[in-house]
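Subject: Structure handover

Dear colleague,

Please find below the structure I promised to pass on to you, with the sequence alongside. I would be grateful if you could read my notes with the coordinates open.

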Amino acid sequence: TVVVLDFGSQYTQLILRRVRELGFYAELLPYDEPWENVQKLSPSAFILSGGPASVYDENSPKIPSYVFESNLPVLGICYGLQALVHQLGGRVEKSPHREFGPAQLEVVKHIGIFEGVPNKFTVWMSHSDRVEILPDGFEVIARSENSPYAAIRSLDNKYYGVQFHPEVVHTQHGKDILRNFLTVVAKLSPNWLMKNLAEELINELRKKIDGKVILGLSGGVDSSVVAMLLHKAVPDKLIPIFVDTGLLRKNEGQEVVKQFENLGIKIYCVDASDRFFKALEGIEDPEEKRKIIGHTFIDVFYEEAMKLKQQHGDIQYLAQGTLYPDVIESKVAERKAGAKIKTHHNVGGLPEKLPFKIIEPLRYLFKDEVRALGKELGLPESIIYRHPFPGPGLAVRIIGAVTREAVSILQEADAIFIEELKKWDLYNKVWQAFAVLLPVKTVGVMGDYRTYENVIALRAVTSEDGMTADWAKLPHEFLNHVAKRIVNEVRGVNRVVYDITSKPPATIEWE
Ligand code: XMP
């Protein structure tokens, strides 16, 4: 395992993703993780992430001594480099020029991490401290205008450090540099393949599961992949539960059931829509809606699980589609209660109060890995590439109070938007696209009549991970066509607008 120690950089997860994309298994741990936990992973190399601290601050995070004692190859990135230098006897100081953004790197020695890269290329910098004096036994291998020691290595070839961020896409040859560190310096060979992973996960589940297992299946890619894994591992023990909240996209319930039937998986469906609409009656505040939906979902799920337990007796496990970012996020949240922008994952995180052992086969994977795994397992593309859908569903896409009527207007408009995106071959080019129903009425004219009806806002964004997003530059003819269809076909709507804000400062959803 390539162990990435996190010193708090916003790019740390990217390091991990790049390493895994290159075919090496990597895990992310806080910089002060005790050795006994690291040891369990059989570490093969360390990567030290960047971070916001300065090494000369009194309480700055330190590289743990086991990193040095382990004798394993180490790559320090940004703060990781500075900490290496500082702890090995060199000097780091505040730089006269802070360096943020692109910089020209000049490689002075094509060795180790720089094998096969050009002499000059653009890298991404983000730092205000810089190395001034190297520790003994180190040499410089690249420089930039503001960083005379932009990349260094120890002469015994064990330690490498870069001031720039090879993990971000703006750094040219960033992937080559990381690959070189893993293959040339650490002498590892890629071993992280989806095919092996699928087999491994299935075997593990088969070994572990000796009673029935329930799964909240939403039809999204995560829970669907979990369903497939369990279906392949323990076909007669899996009981997938699909809760229809009434807040799903048009016809979604039927489609999910059909798709899984085609895969030989029978779903246990619960229509709980009345309950959700009742609980949401008159509620306008988004966070309030999320809470209510979260609680209602848990209640419904719990009751159904109990009923099933009576029928099937030995239900012992609850499977969930938790992903690695959620795991990291909750670890971080445990450490410092971060600012809450929206209460996410209220549906994903079923409570501990359920009397089942939790199974999370995807807890070490990123979304793109889950998609690749889904493909390997034979899930149809329509599931693998389905846009993310929030747990609270259409309730957070209806601004203000949620009613059945509002949901059905929104479903119709949304279905037209999605259908056309697919027809125009745009669906897979955006991260997420949907319609939002606004509680304002505006005046229109249709035929000879004045109308006074609702507004639909269309939202489509491009994104890597949903954390930041840009509004999608959909063709005007396309938007024109969709707007026309919505106004003509959806009763109660006489105006369509397109949302052109990015995240930040807006969020992807409207509530
Ligand atoms: P925002 O609106 O925060 O959305 O930019 C980022 C991503 O998260 C999804 N989202 C949610 N998912 N429960 C969920 O399970 C929620 O309450 C929730 N709110 C937003 C959103 O669809 C986007 O993919």
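The notes below go through the domains, then a helix pair, and then the salt bridges.

Please keep in mind throughout that this is a predicted model. The chain is divided into domain 1, covering residues 2-185, domain 2, covering 194-384, and domain 3, covering 403-498. Taken over C-alpha atoms, the centres of domain 1 and domain 3 are separated by 46 Å.

The helix pair consists of H7, which spans residues 221-233, and H12, which spans residues 367-376, and the two pack with their axes 10 Å apart and at an angle of about 40 degrees. The crossing in which H7 passes H12 is left-handed. On the H7 side the contact is made by Val221, Asp222, Val225 and Leu229, while H12 contributes Lys367, Val370, Arg371, Leu373 and Gly374. Sorted by class, this contact of H7 with H12 comprises five nonpolar residues, three charged ones and one polar one.

As for salt bridges, a search of the whole structure finds 32. One of them joins Glu106 to Arg143, with 3.7 Å between the closest N and O atoms. Since Glu106 lies in strand S5 (residues 91-107) and Arg143 in strand S7 (residues 138-143), this pair ties together parts that are 37 residues apart in sequence.

Technical notes: Residues are numbered from 1 along each chain as its sequence is written. This is a predicted model: local features need pLDDT of at least 70, side-chain atom pairs count only at pLDDT 80 or more; totals for chains, interfaces and linings use all residues. Side-chain values use heavy atoms; hydrogens and water are left out. Axes are lines fitted to C-alpha atoms, for helices over the stretch in contact, and angles run from 0 to 180 degrees between N-to-C directions. Helices (H or I, at least four residues) and strands (E, at least two) are DSSP runs, numbered from the N terminus. A crossing is left-handed if the near helix is turned anticlockwise from the far one by less than a right angle, and right-handed if clockwise. Contact means heavy atoms within 4.5 Å. Ala, Val, Leu, Ile, Met, Phe, Trp, Tyr, Cys and Pro count as nonpolar, Asp, Glu, Lys and Arg as charged, and the others, Gly among them, as polar. Domain bounds come from an automatic or database domain assignment. A salt bridge is a side-chain nitrogen of Lys or Arg within 4 Å of a carboxyl oxygen of Asp or Glu.
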